[in-house]
Amino acid sequence: MAEKTAEKKYIISKKIDQFFIDLASIFRFMKRFFVEVWLPPYEFREVIRQCYQIGVKSLPLISLTGFIVGIVFTNQSRPSLTEFGATSWLPALISIAIVRAMGPLVTALIAAGKVGSSIGAEISSMKVTEQIDAMEVSATNPFKFLVVTRVIACTVMIPLLVMYVDFVALLGAFLNVHQNELTSLTTFFVEVFEALTFLDIFSSIIKSTVFGFTIGIVGCYKGYTSSKGTEGVGKAANASVVMAMFLIFIEELLALQIVNFFRFN
Amino acid sequence: MREKVIEIKGLTKSFGDLHVLKGVDLNLYKGENLVVLGKSGTGKSVLIKIVVGLLTQDEGSLKVFGQEVNSLPSKELDKLRLKIGFSFQHSALYDSMTVRENLEFPLVRNVKTITESEKEKKIHRVLESVGLSQAIDQMPSELSGGQKKRIGIARTLILEPEIMLYDEPTAGLDPITCGDINDLINQVRDEYKTSSIVITHDLTCAKVTGDRQAVLLDGKFGAVGEFEEVFHYTSDDRIKAFYDYNFIN
């Protein structure tokens, strides 16, 4: 009898109900962000500090990954083009692949792992240790100090990191092309930029801005709404990465449809 | 007649089916240290979190300086919070900031016109008050439990509050450090002219720091009065048991 009463509490099922509750909660969280971002006081110093944490401290990992992606992608593409005697198309192919898709996606996935998890864990542990309550009782808005600053920093820094990764990946690709086809740096980059259109670069920047916002808001949301003490810290970090990656793939798919609509119409 | 700074009437608070506070009545008078005692989980911390607006009551009235906390708009609540210092059980120091930055944090955000020299003066004053001037550039992770509590208290004192709320100030500390913290609570009352609520289950802390004691039992105050009155002349077995357990064990 008691079980029957408990079952009636859910509209569809416990998991599906929870999914929609979470979704509504994220939208409320985002709405609060868009309201608070315009209101003073503005925490400029904290935004700069977070930009440094997110951008500069990610550079070593991002550089290595971008460089390797450039080399590996060039090496893997060469045999197919060689079959058609089209190795001269390598710079164009690589530039399109990196700028349109791989640069934003690789950067966003790495940032989701590195930055998203650290934001989720940091805010969650601040919640567990009552640091967020301490801000609130000292008449400081913790949402503004912790969430708004981090989301702005992610939204600003991820597109910059993507541009940097694009460049480093192209540099890696150039080394590989130069080694095999003896192409000069100037020729390589002339071919790279000839293949790219304004839409490619513009869509890449917009897309990575959305990725950055997603990483920031998801990390902050998971951290800010975490519970269950120290166990919640680990869960928040993990959930930040999983959810951000999931959303990034969905956004990539949507962005592809939108850009293709403009490209072919 | 003494001036009431906090006035609580018929306060209730539940978390789901768990009824923590079941109609609490209490007054805090200007300049006094009121100790709220009770077993773990009886809602002592919940009570002071309602006072400072971190939680809201289900029913009842809670007035601080005559203002109903629950019905204050957020800006007014923030103004009121500047008059209340809250010392957390685990200190709640911002662990990514140095002691100096921890102390600056509430100051620069709430006192807009403060000059650099005034800021330094205030920081040094509160650090001297808690006896930790040398810790100014240390990170919270480099401090002991007692030092963290002191810095936590210093951070609340920097805004010169009129009311201090201490949540388990001696929990997890050795007896000597407990004694130091108890002395500090009395020193803060005398030096900063504060009225305080001290939440604790430590009877020594209660005896040393409290002008009055209030024992929370089953969601209501079982006894309120001076230490002797509450513990020596009580007929309530639960209060006797509480006293015996503290002093016999």
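Mentor: Let's start with a term: a nonpolar core is a set of buried Ala, Val, Leu, Ile, Met, Phe, Trp, Tyr and Cys residues joined through C-beta atoms within 7 Å. Keep in mind that this is a predicted model.

Trainee: Which residues touch the most other members of the largest nonpolar core?

Mentor: I215(A), V51(B) and L165(B) do, in a core of 125 residues. Helix 7 of chain A, residues 142-181, gives the most to this core, with 18 residues.

Trainee: Why are strand 1 and strand 2 of chain B called paired?

Mentor: Pairing needs at least two bridges, and nine join residues 4-15 to residues 18-29, so the two strands pair. They run antiparallel, with F15(B) opposite L18(B). Two residues lie between the strands of this hairpin, and G16(B) in the turn has a positive phi of about 65°.

Trainee: How many helices and strands does chain A have?

Mentor: Ten helices and zero strands. Of its 265 residues, 40% count as buried. The C-alpha trace of chain A spans about 75 × 50 × 35 Å along its principal axes.

Definitions and conventions: Residues are numbered from 1 along each chain as its sequence is written. Chains are lettered from A and ligands numbered from 1 in the order in which they are written. This is a predicted model: local features need pLDDT of at least 70, side-chain atom pairs count only at pLDDT 80 or more; totals for chains, interfaces and linings use all residues. Helices (H or I, at least four residues) and strands (E, at least two) are DSSP runs, numbered from the N terminus. A residue is buried if 20 or more other C-beta atoms lie within 10 Å of its own, exposed if 12 or fewer, and partly exposed in between; C-beta atoms are placed from the backbone.
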